[in-house]
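Please read them alongside the coordinates.

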Amino acid sequence: MSSLNTTAFSQHPSFLLLGIPGLEKEQFWIAFPFCILYAIAVVGNITLLLFIKTVPSLHEPMYLFVAMLAFTDLVLSTSSVPKMLSIFWLGSREISFPSCLLQLFFIHTFSSVESGVLMAMALDRYVAICYPLRHSSILSLPAVVTLGSLVMVRGVVLVSPICFLLHRLSFYRNTVISHAYCEHMAVVKLACGDTRVNAIYGLFVAFVVIVFDVMLIFVSYTLILRAVLRLPSTEARLKAFSTCASHVCVMLTLYTPALFTFLTHRFGQRIPHHVHIVVAIVYLLLPPMLNPIIYGVRTKQIRDRVV
């Protein structure tokens, strides 16, 4: 009996990532658009970081937050896409338990950081529009660095227990993950024993990050809208709305697929599993690809340098 248990179970097994279940034959070709999106994301975000560093007029709170967003997008996409492409093109599906935990940690931590940076950018727009004369004093360089550090620390503190909780579980050997990357609940579902603590804590982290950030963003933009509508001239109102347009577009590209993934996992049982996986991949690739394009087009200094 003990011999059977030894061969059947392992506390730290190697996992097999299937990629996109149901589309195993097609995923070789599906990988090409994903690779193009990833290349655009890497080039765009590195370019954005270089421009913000070298152009003195971009050393403002808003663009410092954009730089944080670009760095976050680089880490988020790079932590998942190279392994994904190796699965799709080379059939390299095996991933060790430590590598899986590391990938999971970076994906979930920097997803939290990205949401937190968007929340900080909403606060920046609120101060810039509602208190323009005090903007530089309220959001000074130390304040921006402190806010960015708090967002990063929050992500690390919230996600680290997830890794420790997974580390204590046992799994079947050669466990197959029906996903293209190591995602928390996809790994939890394959564990032996009681996983209620893992599931509850995962929901708690998602609730704290998404609900808290979205609520602050909603309140900020409600106050911004009220302040803008009080402006005397149409030109002033349009200019104020224009300063927020980029941020609104970025938020939509992040939260729309995130909301779809969250809702369909719980209420969309009739939606094919491969649709869930494709949307989850798009969630990691679309914002990093679109963010530098949006800010590049909307920022005159960056647009002129690119031209």
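1. In this predicted model, the side chains of D213 and R154 are joined by a polar contact of 2.9 Å. D213 belongs to helix α9 and is buried, its relative accessibility being 0%.

2. Helix α9 runs over residues 196-229, and its 34 residues should span 50 Å at 1.5 Å a residue. The end C-alpha atoms lie 48 Å apart, which agrees with that expectation. D213 is one of the buried residues of α9, a list that also holds N198, Y201, G202, V205, V209, I217, S220, Y221, I224 and V228. As a general point on reading such a list, an α-helix has 3.6 residues a turn, so residues three or four places apart point the same way.

3. The UniProt entry, which is unreviewed, lists "transmembrane region" for residues 28-51, 63-81, 101-123, 144-167, 199-228, 240-263 and 275-297. Two of these ranges can be set against the model. Residues 28-51 are 100% helix and 0% strand, with 35 Å between the end C-alpha atoms. Residues 63-81 are 89% helix and 0% strand, and there the end C-alpha atoms are 26 Å apart.

4. How many disulfides does the structure hold? There is one, between C100 and C182, with an S to S distance of 2.1 Å. The angle about the S-S bond is -125 degrees, making the link left-handed. Distant parts of the chain are linked by this pair, 82 residues apart: C100 sits in helix α5 (residues 97-130), while C182 is in the loop between β5 (175-177) and α8 (184-188). Both ends are buried, C100 at a relative accessible area of 2% and C182 at 0%.

5. C192 counts as buried, at 19% relative accessibility, because the cut-off for buried is under 20%. C130, in contrast, is partly exposed, with a relative accessibility of 24%.

6. Strand β5 also takes part in an open sheet of three strands, in the order β3-β2-β5 and with mixed pairing. The edges are held by β3 (94-95) and β5; each has a single partner strand, so one side of each has no neighbour in the sheet. The pairing of β2 (residues 15-17) with β5 is parallel and covers three bridges. At one of the positions, F15 has T175 in β5 as its bridge partner.

7. L284 lies in helix α11 (residues 273-298). Is L284 buried or exposed? With a relative accessible area of 1%, L284 is buried. Leaving out residues up to four places away in sequence, L284 touches L76, S77, S80, I107, S111 and Y181. Y63 is 221 residues from L284 along the chain, and their C-alpha atoms are separated by 22 Å.

Definitions and conventions. Residues numbered from 1 in each chain as written. Predicted model: local features only at pLDDT ≥ 70, side-chain atom pairs only at ≥ 80, totals over all residues. Heavy atoms only, no water. Disulfide = S-S within 2.5 Å. Helix = DSSP H or I, 4+ residues; strand = E, 2+ residues; numbered from the N terminus. Buried < 20%, exposed > 50% of the residue type's maximum accessible area, 1.4 Å probe, protein only. UniProt positions renumbered as here; feature names shortened; annotations may be inferred. Expected span 1.5 Å × (residues − 1). Pairing = 2+ DSSP bridges. Contact = heavy atoms within 4.5 Å. Polar contact = N/O pair within 3.5 Å; in protein donor to acceptor, adjacent residues only side chain to side chain.
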